[in-house]
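Please keep the structure open while reading.

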Amino acid sequence: MSDRIHAINVSSSSDDSSQVRYVDGYVSSKVYTRRIRGLFQRLRRRIAIPLVMLFVLTPWFIIDGRPAMLFDLSAQKFHVLWMTFWPQDGILLAWLLIIAAFLLFAVTVWIGRVWCGFSCPQTIWTQMFIWIEDKCEGDRNRRMKLDQMPWGWEKLRRKSATHSLWLLVSLISSFTFVAYFYGPVELLRDALRFEASLETYFWLFTFTAMTYLNAGWLREQVCKYMCPYSRIQSVMYDSDTFVVAYDQERGEPRGVVTKNATLKSGEALAASSAKGDCVDCSWCVQVCPVDIDIREGLQPECIACGLCIDACDMVMEKVQKPSGLIRFQSEHVKGSIWSRLARPRMIGYSMALLLMMGVFSNTILTRVPLGVDVIRDRGMHLYRVRNDRIENVYTVKIKNMETQINRVVLSVAEGAPYRLRSHRVVELDPGELLTLPIRVTLPKDQVQFSQSTIHVVAEILDRPETRARQKTLFMAPAMRLKLAGQ
Ligand code: SF4
Ligand code: SF4
């Protein structure tokens, strides 16, 4: 916790420039963020609200009689929209994570930690909790005063309202999260009837407590000390990265503008001061959710939320100076944020991303919901000779990755007359993994090599286009037979 001595604006309204007054000397160990309006605050809300709605509502959408997104761990099935994935599809998850990480790196190289400032769940939930606190306890100064007050009815009333709502939001968040694994209707029914398992109550309680602690109490501490991403961001930045920065040349030397001076016209103010544009009001610090002073330069804690930009622009408007004393800019100041996209590093990142996304989409679109794996029987001889045929024995594993019962036909797909001597058609339940031995034979007089590559094919009986194949080796005493036949 910071023990920095903050300048406190004692005004209750942030809109009235006449009330920009400061009282020094308050030692804060808690970050009291000031309510602010502006472009970035609006942007954060417009990004956060749809994301929260998406998170909360997704499990309630029903597709094919089950939630649109359901991670059924006990059945090892992962339903995402119209598709069902199995543990065998883990490679897709790995791809997705790699793409997400790469996207994050690319965006960070371009515009810094905007993920943290605008769409990270920690930031969004903290934003929600601060909004509740603000509604129940008032703006920054009221909250500070309330915390300094001895306990009484007023404090009890306001604090109870804040913490009750925090707990309610935490419970809804926790319920939603667990519903992704349980199903929302079933979870609501079982939890209310006390029919859910102890494990389910444990997770509901744990996620509620974690949300309440993280967003209500820990807040910026998570970003500063727990999030590993803040530690590695500095190696991703280069001199073209857009970051939130204070214009030192324009702002310094900073200085407090007196109330009277602030109230004068813009010309009078400019004439009366040889100082830079920064009026040292500390609003940029007061709105900062991670409690840093951006005027001290770029710091690893900065989550690029842009609130200090909004705050400073408001102050600049009040003192009738141009906005943008704090702004998104790169070390190479020339050019817009878009021009920073067209540089070799970003082009390289974008192309790699496009390639990975293309491969991922293609894998999803051409994914066959049927798996086949063929293993040669290790305990057996390489081959057996029966009548006039050479026989190889294998173990085949067939996985039905659909949510319906399927009849699967097995065959050997090669030009030579290989024949499958067992288990031509098998029936599999949804998600069933069937293991069975198969025998493949070849007439002796057709043998050409001591080992040949064959493909075992599995296809759904009434949908032959849904087929999977697996390569294996067919072993035979080729040389001896050939010699004998000569
Ligand atoms: S310094 Fe500005 S951009 Fe960075 S976290 Fe604080 S308010 Fe957000
Ligand atoms: S908000 Fe702007 S004017 Fe006020 S202290 Fe920060 S940089 Fe200076």
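Tryptophan 203 has a relative accessible area of 37%, so this residue counts as partly exposed, between the 20% and 50% limits. The model is predicted. Phenylalanine 202 is also partly exposed, at 47%. Phenylalanine 202 and tryptophan 203 form an aromatic pair. The geometry is edge-to-face.

By the ring-pairing rule, the count comes to 16 aromatic pairs. Phenylalanine 177 and phenylalanine 207 form an edge-to-face pair, because their planes meet at 70° and the limit for that class is over 60 degrees. This pair links distant parts of the chain. Phenylalanine 177 lies in helix α6 (residues 153–182), and phenylalanine 207 in helix α8 (residues 198–218). Phenylalanine 177 has 34% relative accessibility and is partly exposed. Phenylalanine 207, at 25%, is partly exposed as well.

The two pairs are set out here.

| Ring pair | Centre to centre | Angle between planes |
|---|---|---|
| Phe177 and Phe207 | 4.6 Å | 70° |
| Phe202 and Trp203 | 5.0 Å | 70° |

Which residues do ring pairs link into a cluster? The members are Phe55, Phe71, Phe78, Trp125, Phe177, Tyr180, Phe181, Phe202, Trp203 and Phe207.

Charges also sit over rings. The charged end of arginine 34 lies over the ring of tryptophan 283, at 4.2 Å from the ring centre. Lysine 155 places its charged end over the ring of tryptophan 151, at 4.7 Å from the centre.

Next comes the sheet. Three strands make up an open sheet, in the order β5-β6-β7. Their pairing is antiparallel. Strands β5 (69–72) and β7 (83–85) stand at the edges. Each edge strand has a single partner, so one side of each is left without a neighbour in the sheet. From one strand to the next, the twist averages 15°. Four bridges join β5 to β6 (residues 77–80). Across this pairing, leucine 70 stands opposite histidine 79 in β6.

Last, confidence. The chain averages a pLDDT of 84, and 86% of the residues score at least 70. Two stretches stay under 50. One is residues 1–28, for which the model has 77 contacts beyond four places in sequence. The other is residues 481–486, with five such contacts. Where pLDDT is low, the predicted coordinates should not be read in detail.

Conventions: Residues are numbered from 1 along each chain as its sequence is written. Chains are lettered from A and ligands numbered from 1 in the order in which they are written. This is a predicted model: local features need pLDDT of at least 70, side-chain atom pairs count only at pLDDT 80 or more; totals for chains, interfaces and linings use all residues. Side-chain values use heavy atoms; hydrogens and water are left out. pLDDT is the predictor's confidence in each residue, from 0 to 100. Contact means heavy atoms within 4.5 Å. Two strands pair if DSSP finds at least two bridges between them. Helices (H or I, at least four residues) and strands (E, at least two) are DSSP runs, numbered from the N terminus. Axes are lines fitted to C-alpha atoms, for helices over the stretch in contact, and angles run from 0 to 180 degrees between N-to-C directions. Rings of Phe, Tyr and Trp (its six-membered ring) pair if their centres lie within 6.5 Å; planes under 30 degrees apart count as stacked, over 60 as edge-to-face and the rest as tilted. Buried means under 20% relative accessible area, exposed over 50%, partly exposed in between (1.4 Å probe, protein chains only). A charge sits over a ring if NZ of Lys or CZ of Arg is within 6 Å of the ring centre and within 35 degrees of the ring normal.
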